[in-house]
Amino acid sequence: MSQPDPVTPATHRVVASPAGRTHLVEQGAGPLVLLVHGFPESWYSWRHQLPVLAAAGYRAVAMDVRGYGRSSRPEDVAAYGMLDLVEDTVAVVRALGEETAVIVGHDWGSAIAAHSALIRPDVFRAVGLLSVPYAPPGGPRPSDIFAGMGGDEEIYVSYFQEPGRAEAEIEPDVRGWLAGFYAAFSAETMPGPGAPDPHFVGRGGTLRERFPADHSPAWLGENELDFYAGEFERAGLVGALNRYRNMDRDWEDLADHRGKPITRPSLFLGGALDASTTWMAEAIRSYPTTLPGLTSSHILDDCGHWIQQERPEEVNAILTGWLASLPA
């Protein structure tokens, strides 16, 4: 009895994009599934999904978002606006010789995926959102919202928005900072209910002061941490942090899309212990209006923010099942 053909190994390539160049990791053949990571991550965040999607008959492609890894890192802060990032995703699809794709994103990648499907439904035939729910553009100016959160403390988003401030905290010890950041938002290592919230910074303090000390989640071994640290030690953090520095600009740039739903078939997958899920519970409740094409929605118990790395088998099963259900 013949055995199925083994999945071809993943390959790296660089394609031209509005960013300059976009680095991709590709595996498999079939309908294109574009995977978009968040902060502070990499194409590598999808290492558990690439071979599974390839084995299921898809052309799985994980990209380094502009500012990360081997992709270009424009110097201008304004080059990291959401419209620029959507242009990059479209350019990747075209550079791969495809007309359409399914796009799946995590964290900031979820927002990039959502806006790609919102703005270019002609290119993106379905969208999967991991960890960060979709909320249509609009509402109050983002900086005003974040300034009102935390009382005497400052939310991490505002902390990241001031150029140079977070860099000064992170860059002297990139590896140690990343280890703490990943642990702070993983289910098994996040601080308990009585501990200071690592989403906030005390006045004059740093985020790192609230990270778990000497605790690593099971998904983050030495090899994984070495990879992430190596990427950011080489590329720096400025490009990654510049995404946060464009939120008010996005609010202005996306004015024509305020309140608009995403009508393409969609998936949402969140962790029950992730603040993105709990703080944005109203956005999830609004999905019948904002995501009328939602066909699969799941909240994983005892799961934190790094969902596809914390719970890869469950995420893979849900993702491949959803993809199989989509119209050709």
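A residue is called buried here if its relative accessible area is under 20%, exposed if over 50%, and partly exposed in between, using a 1.4 Å probe and protein chains only. The structure is a predicted model, so to speak of local features a pLDDT of at least 70 is needed, side-chain atom pairs count only at pLDDT 80 or more, and totals for chains, interfaces and linings use all residues. Residues are numbered from 1 along each chain as its sequence is written, and side-chain values use heavy atoms, with hydrogens and water left out.

Helices (H or I, at least four residues) and strands (E, at least two) are DSSP runs, numbered from the N terminus. Five of the five residues of S4, which spans residues 59-63, are buried, so the strand is largely enclosed by the rest of the structure. In a regular strand, side chains alternate between the two faces of the sheet. In S4, Arg 59, Val 61 and Met 63 point one way, while Ala 60 and Ala 62 point the other way.

What about the neighbours of S4? Two strands pair if DSSP finds at least two bridges between them. Strand S2 (residues 20-27) runs antiparallel to S4, and four bridges join the two; here Leu 24 stands opposite Met 63. Strand S3 (residues 32-36) pairs with S4 in the parallel sense over five bridges, with Leu 35 opposite Ala 62. From S3 the chain crosses to S4 through helix H1 (residues 50-55), in a right-handed β-α-β crossover: with the strands pointing away from the viewer, the path from the first strand over the helix to the second runs clockwise.

Most residues other than glycine have a negative phi, and most peptide bonds are trans. The bond from Phe 39 to Pro 40, however, is cis, with omega near -15°, and Pro 40 sits in the loop between S3 and H1. Asp 107 has a positive phi of about 60°, and Asp 214 has a positive phi near 60°. Asp 107 counts as buried at 10% relative accessibility, whereas Asp 214 is exposed, with a relative accessible area of 80%.

Finally, helices H2 (residues 82-95) and H3 pack at an angle of about 75°, with their axes 9 Å apart. Axes are lines fitted to C-alpha atoms, for helices over the stretch in contact, and angles run from 0 to 180 degrees between N-to-C directions. The pair is therefore roughly perpendicular, the term for angles of 65 to 115 degrees.

Terms used. Angles under 35 degrees count as roughly parallel, over 145 as roughly antiparallel, 65 to 115 as roughly perpendicular and the rest as oblique.
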